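Here is a short briefing on a structure.

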Amino acid sequence: MWRRRLLQALGRLPALAVRGRPLGPGGGRAYAPPAERKRFYQNVSISQGEGGFEINLDHRKLKTPQAKLFTVPSEALAIAVATEWDSQKDTIKFYTMHLTTLCNTALDNPTQRNKVQLIRAAVKFLETDTLCYRVEEPAALAELQKKEWDPIVAWAEKRYNVAIGSSTSIMGPNIPASTRDTFISHLASYNMWALQGIEYVITQLKSLILSMGLIDRHITVEKAVLLSRLEEEYQIQRWGNVEWAHDYDLCELRARAAAGTLFVHLCSESSTVKHKLLQD
Amino acid sequence: MAALGSPLQTLRGLLRELRHVSGRAYRDTAAYRHVLAAFRAHRVTSEKLCRAQQELHFQAATYLCLLRSVRQHQALHREYHGRGERSPEEVAGLVGFMLPRQPGGKG
């Protein structure tokens, strides 16, 4: 501490200045949120490299938070990420760039989970699946849950040939091991990137069944989010909507679920165009 | 799946969202070209119930939902959560006071 003072006195170190925070009149510090990164690029474009498609901000290549080169396997995904970066005006709001975040997670794998651990985390959610936890009262909500959630559970049971069931107890449904194994082997057919996306959607919607419904294109994103928030929607209809809380959360959940689903589909598809001759 | 609506509505919604994103120059963006090319490529098919068409329509609807909800979320954030705290002068002014001027500094 005294060494710094000595160096300051000798004129070697500049005096420490208040960094970044605006000063109000009288010298007190006015509160301002931490400075955001400004948009430092004009054009966003994509280019194809050896590993896949890359994003260029002006002439610089985009990198992940761990400084790896940002490469995605699908062109449509690269275009969507480029659109996200292009839609930032003035400041860069990372919390709106869901696809970029997902790609960064897939590339960096910061939690360092392998495929088996990811699948295990995803299937573990089945024990606490939202659709399986029913209330007993109020009766109107119990009825609504039965009406809306039962068809989806039935669809999942039929499609995967498993038994899931639902429960009103606090312990939740009893998921047989065969059900768990079926889902584990089904999820094993997806590649690592798609699995990151699937696990993300499950965590956001708090339901494995709804996520599978989305991945299999059985329900739309809006419907899945509605079913995930069924109790909240019931309370909103009963007591009224609070825009700055309910709509805010709704839009955020929709954005995240849509981003996750799109990510999974773009990472697990391969499209070929077959040209047929016109017959007539 | 019947809740998807018609492909034309989805396409129009997507183009509107892309216009919100890019402004005047939205027709030059890669996203616009890609969306239009994808819709055109899957339009002509001899099958009545084309699986690839449904897959594309679902993807397009998902992307539309993403763009729309991100825009709405940002608008809500700006309106309700974006302003930060008031400065001490403003707070004093709310109750009709002024902060004292202390030329020698505080205390």
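Over all chains, a search of the whole structure finds 14 salt bridges (a side-chain nitrogen of Lys or Arg within 4 Å of a carboxyl oxygen of Asp or Glu). This is a predicted model: local features need pLDDT of at least 70, side-chain atom pairs count only at pLDDT 80 or more, and totals for chains, interfaces and linings use all residues. Residues are numbered from 1 along each chain as its sequence is written, chains are lettered from A in the order in which they are written, and side-chain values use heavy atoms, with hydrogens and water left out.

**Salt bridges**

- A:Lys223 pairs with A:Glu148 in a salt bridge, with 3.6 Å between the closest N and O atoms. A:Lys223 lies in helix H9 of chain A and A:Glu148 in helix H5 (residues 139-160) of chain A, so the pair ties together parts 75 residues apart in sequence. Helices are DSSP runs (H or I, at least four residues), numbered from the N terminus.
- A:Lys223 is partly exposed at 30% relative accessibility. A:Glu148 is partly exposed too, at 21%. Buried means under 20% relative accessible area, exposed over 50%, partly exposed in between (1.4 Å probe, protein chains only).
- A:Arg159 forms a salt bridge with A:Asp216, the closest N and O atoms being 2.9 Å apart. This links helix H5 of chain A to the loop between H8 and H9 of chain A, so parts 57 residues apart in sequence are tied together.
- B:Glu55 and A:Arg217 meet in a salt bridge at 4.0 Å, N to O. That pair crosses between chains, from helix H3 of chain B to the loop between H8 and H9 of chain A. A:Arg217 counts as buried, at 19% relative accessibility.
- A:Arg229, A:Glu232 and A:Glu233 form one network through salt bridges that share partners.

**Helix H4(A)**

- Helix H4 of chain A spans residues 115-124, and its A:Leu118, A:Ile119, A:Ala122 and A:Val123 are buried. They cover an arc of only 125° around the axis (from directions to the C-beta atoms), which puts them on the same side of H4(A).
- The face turned away from the buried side carries exposed A:Val116, A:Arg120 and A:Lys124.
- Cover for the buried residues of H4(A) includes helices H6 (177-187), H7 (192-205) and H8 (208-215) of chain A, where contact means heavy atoms within 4.5 Å.

How values were computed:
Helix = DSSP H or I, 4+ residues; strand = E, 2+ residues; numbered from the N terminus.
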